[in-house]
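Subject: Structure handover

Hello,

I am passing this structure on to you. Please open it first; my notes on what was found follow below.

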Amino acid sequence: MTDNASSPTPVTLLGTGAMGSALARAWLAAGHPVTVWNRTPARAEALAGEGAAVAASADAAVAANRLVVACLLDDDSLGEALATADLGGRDLVNLTTGTPGQGRARAAWAEARGARFVDGGIMAVPPMIGSPDSGAFVFYSGSAALFEEHRDVLAVPAGTAYVGADAGFAALHDVALLSAMYGMFGGIAHAFALIRREDIAPTDFAPLLVSWLTAMAPAALESAGKLESGDYTRDVVSNLAMQVAGIPTFLRTADEQGVRPDLVRPYLDLMRRRLECGPHADEDTTGVIDLLTAS
């Protein structure tokens, strides 16, 4: 993260919810003049007391500064907020959560109205914003020229990761990482459910779980290499046939513990299908990805 107080860049921020307010405060603390707008004006007033200028309308907020950052509820909210704004010559950075398709469509929409456009995916919660050691960062994609010009000011609230000229890539990276997170949360929930009725303290079990998941995380790097090479049998330690043979044990244990297998059964079923659909016994589980992407 960068402190740009020596070369302040005026920023317009549309949206002052929890995340928007955190962004505004980070820029204000770094010395950047900030103009804010919110659909509910009262929610922007707290920032006025901290030095932000409050615009009476989204149109006025856009007119105030060249760099316009949006952090609204959804893509529809962004379209409504900017419906009558003059975007000619503006640099629009969209930090509103959306899909890759929405990012691409919004880029074309903004460019047709005379603006440069970058879409963003925030990998943080509001308390992490503006904290250099929090690990917060934002994916950006779209106009490389816009990103390079404003890189320093965008780096004030959180680290930056530019992932390409395709405006949909920021949202795609965002959702891909969050999907992996929710998959992990599902595994964690199932693991705790298995021990829930036993004389095992969750606080004793949790460090074991964290250590195990940390040790397994590099499997993502191994899968990436196999996907690029096309060789799913390279350096396999536990092959698919062996893993599928163990599925009954997982399901029987869940049944014995009175735990619904809803969180693990879909993945176990995909492993079985992969084994059954061809000569894949000596692979690892990377081939499951091909089942998910098959038309």
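Glycine 103 is buried, because its relative accessible area is 3%, under the 20% limit for that class. This and everything below refers to a predicted model. The residue belongs to helix α5, which covers residues 100-112. Setting aside neighbours within four places in sequence, glycine 103 has contacts with Phe117, Asp119 and Ala167. Glycine 168 is 65 residues away from glycine 103 in sequence, yet their C-alpha atoms are 4.8 Å apart in space.

Glycine 103 also takes part in the lining of a cavity. The search of the whole structure turned up 1 cavity of 30 Å³ or more. The space in the largest cavity comes to about 40 Å³. Besides Gly103, its lining consists of Asp75, Asn94, Thr96, Thr97, Gly98, Thr99, Gln102 and Asp119. Sorted by class, that lining has 7 polar and 2 charged residues and no nonpolar ones.

The largest pocket has a volume of about 2,500 Å³. It is lined by 50 residues, and those closest to its centre are Leu213, Met216, Ala219, Tyr267 and Thr285. Several helices each supply at least two residues of this lining: α7 (169-195), α8 (202-216), α9 (219-229), α11 (247-256), α12 (265-276) and α13 (288-293). Which of these gives the most to the lining? That is α7, with 14 residues. By class, the lining of the largest pocket is made up of 32 nonpolar, 14 polar and 4 charged residues.

The second largest pocket has a volume of about 280 Å³. Its lining has 13 residues, of which Met19, Cys71, Leu95, Thr97 and Ile122 are the closest to the centre. Two elements give two or more residues to this lining, namely α1 (18-29) and α7. The classes here are 9 nonpolar, 3 polar and 1 charged.

A word on cysteines. How many disulfides does the structure hold? The count is 0. Cysteine 277 has a relative accessibility of 46%, so it counts as partly exposed.

Then the aromatic rings. The count of aromatic pairs is 5. In one of them, the ring centres of tyrosine 140 and phenylalanine 147 are 5.5 Å apart and the planes stand at 40°, so this pair is tilted. Tyrosine 140 and phenylalanine 147 are both buried. Another pair joins phenylalanine 147 to tyrosine 162: here the centres are 5.0 Å apart and the planes are at 25°, so the pair is stacked. Phenylalanine 147 sits in helix α6 (residues 144-154) and tyrosine 162 in strand β8 (residues 159-162), so this pair ties together parts that are 15 residues apart in sequence.

Tyrosine 162, at 29% relative accessibility, counts as partly exposed. Together, Tyr140, Phe147 and Tyr162 form one aromatic cluster.

Last, the chain as a whole. It has 13 helices and 8 strands. The C-alpha trace spans about 65 × 45 × 35 Å along its principal axes. Of its 295 residues, 40% count as buried. Taking contacts between residues at least 6 apart in sequence, 62% of them join residues at least 24 apart.

Regards

Technical notes. Residues numbered from 1 in each chain as written. Predicted model: local features only at pLDDT ≥ 70, side-chain atom pairs only at ≥ 80, totals over all residues. Heavy atoms only, no water. Helix = DSSP H or I, 4+ residues; strand = E, 2+ residues; numbered from the N terminus. Buried < 20%, exposed > 50% of the residue type's maximum accessible area, 1.4 Å probe, protein only. Contact = heavy atoms within 4.5 Å. 1 Å grid on protein atoms, 1.4 Å probe; cavity = no way out; pocket = protein on both sides within 12 Å on 5 of 7 lines; lining within 4 Å. Points joined across faces, edges and corners; volume = space filled by probe spheres on them. Nonpolar A, V, L, I, M, F, W, Y, C, P; charged D, E, K, R; others polar. Disulfide = S-S within 2.5 Å. Phe/Tyr/Trp six-rings, centres within 6.5 Å; stacked < 30°, edge-to-face > 60°.
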